[in-house]
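Please read them alongside the structure shown here.

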Amino acid sequence: LQTININELKYHQDKLSSLKESYDEILKNLLDEVKMIAFYWQGNDSSNLRSELYKLIGSDLNNISNEIEAEVDYINKLVVVLENANEQIKNRLNGWYYE
């Protein structure tokens with residue numbers, strides 16, 4: 001079995017969280033740009049374009065953000081489990097047995 005470096009896992013979790021924040025900020029800016037189309041383009045074509053862009057951003061691109069968040073949560077749970085296991089191993093090696 002390979003030993004897992006918990007600090008490295010935490011580092012990657014932090015990096016992924018940071019990337020998600022950047023991604024979400026880009027989505028917000030993209031939505032702001034789509035809203036600005038209303039000021040420059042008038043009529044049904046503009047409304048249809050905005051509607052399609054909102055659907056794309058609101059579903060496909062937002063789903064990516066949700067998947068990233070789920071991955072961050074999963075890594076966090078994994079870190080907690082590994083830290084607990086590491087602590088139990090240390091306690092058992094030091095003669096502390098919890099039943």
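1. Of the 99 residues of the protein, 17% count as buried, that is, under 20% relative accessible area with a 1.4 Å probe and protein chains only, where exposed is over 50% and partly exposed lies in between. The model is predicted: local features need pLDDT of at least 70, side-chain atom pairs count only at pLDDT 80 or more, and totals for chains, interfaces and linings use all residues. Residues are numbered from 1 along each chain as its sequence is written, and side-chain values use heavy atoms, with hydrogens and water left out.

2. The protein has two helices and zero strands (DSSP runs numbered from the N terminus; helices are H or I of at least four residues, strands E of at least two). Its C-alpha atoms fill a box of roughly 75 × 20 × 20 Å along the principal axes.

3. The largest nonpolar core consists of five residues, Ile6, Leu9, Ile75, Val79 and Leu82; such a core joins buried Ala, Val, Leu, Ile, Met, Phe, Trp, Tyr and Cys residues through side-chain atoms within 4.5 Å. Helices H1 and H2 (44-93) each supply at least two of its residues, and H2 gives the largest share, three.

4. Leu82 touches Ile4, Ile6 and Leu9, leaving aside residues up to four places away in sequence; contact means heavy atoms within 4.5 Å. In the protein, 68% of the contacts with a separation of 6 or more are between residues 24 or more positions apart.

5. Met36 is found in helix H1 (residues 6-40). Met36 is partly exposed, because its relative accessible area is 33%.
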